Amino acid sequence: MHLIVCIDDRGGMSFFGKRQSMDSAVRTDILKTAEGEIFMTAYSARQFDDCGRIKICDDSIGEIGEGDTLFLETVDPRPFLDEAKKITLYRWNRTYPFDMAFPLQELESRRKKIRFSDFSGSSHDKITKEEWV
């Protein structure tokens, strides 16, 4: 499984059940980067055009196959870290309020960053994409 998460400079993901930010360039890149079917909550799916690959998984996260992708914004990623073969982080390069965070220290101690690149988004001048295995 390929796990994709968007975070701020402190690892923040969401605040009171809402995403911190969104960007159309990130969505386009997620669709290019994702493997297999893309599982996400109905809340997350509302920002994507129907591409035929998006599967709503509010209650069926267990259905994700080894070759599929899980995109999380408002769901704690910790239960999925062990089974993820690859993790892609999109960093907003800003600080936002948050009450749910990605476990960056755990990621850095257990995984290896294999690639990173910066690109301009539609709402952010600089977005950093990191790939971890």
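**Exercise 1. The start of H1**

Find which backbone atom a side-chain oxygen of aspartate 23 reaches at the start of H1.

Solution. Step 1: helices (H or I, at least four residues) and strands (E, at least two) are DSSP runs, numbered from the N terminus. Step 3: the side-chain oxygen of aspartate 23 comes to within 2.8 Å of the backbone nitrogen of alanine 25. A polar contact is a pair of N or O atoms within 3.5 Å; within protein, one must be able to donate a hydrogen and the other to accept it, and residues adjacent in sequence count only if both atoms are side-chain atoms.

The model is predicted, so local features need pLDDT of at least 70 and side-chain atom pairs count only at pLDDT 80 or more, while totals for chains, interfaces and linings use all residues. Residues are numbered from 1 along each chain as its sequence is written, and side-chain values use heavy atoms, with hydrogens and water left out.

**Exercise 2. The buried side of H1**

Determine which residues of H1 are buried and why they lie on the same side of H1.

Solution. Step 1: buried means under 20% relative accessible area, exposed over 50%, and partly exposed in between (1.4 Å probe, protein chains only). Step 2: the buried residues in H1 are Val26, Arg27, Asp29, Ile30 and Thr33. Step 3: these residues cover an arc of only 165° around the axis, which puts them on the same side of H1; the arc is that of the directions from the helix axis to the C-beta atoms. Step 4: the cover over them includes E1, E6, E7, E9 and E10.

**Exercise 3. Nonpolar cores**

State which members of the largest nonpolar core touch the most other members, and which elements supply at least two residues each.

Solution. Step 1: a nonpolar core is a set of buried Ala, Val, Leu, Ile, Met, Phe, Trp, Tyr and Cys residues joined through side-chain atoms within 4.5 Å. Step 2: the largest core has 20 residues, of which Leu3, Val5, Leu70, Ile87, Leu89 and Phe102 touch the most other members. Step 3: E1, E6, E7 and helix H3 (104–110) each supply at least two residues of this core. Step 4: E1 gives the largest share, three residues. Step 5: apart from this core lies another of 15 residues, including Ala45, Ile54, Phe71 and Tyr90.

**Exercise 4. Histidine 124**

Decide whether histidine 124 is buried or exposed, and list what it touches.

Solution. Step 1: histidine 124 sits in the loop between E9 and E10. Step 2: its relative accessible area is 1%, so histidine 124 is buried. Step 3: its side chain makes a polar contact of 2.7 Å with the side chain of serine 123. Step 4: not counting residues up to four places away in sequence, histidine 124 touches Ser21, Met22, Asp23, Trp92, Arg94 and Tyr96, where contact means heavy atoms within 4.5 Å.

**Exercise 5. Positive phi**

Compare the phi values of phenylalanine 16 and asparagine 93, and assign the accessibility of phenylalanine 16 and of asparagine 93.

Solution. Step 1: most residues other than glycine have a negative phi. Step 2: phenylalanine 16 has a positive phi near 50°; this residue lies in the loop between E2 (12–15) and E3 (18–19). At 65% relative accessibility, phenylalanine 16 is exposed. Step 3: asparagine 93 has a positive phi of about 55° and lies in the loop between E7 and E8 (100–101). At 29% relative accessibility, asparagine 93 is partly exposed.
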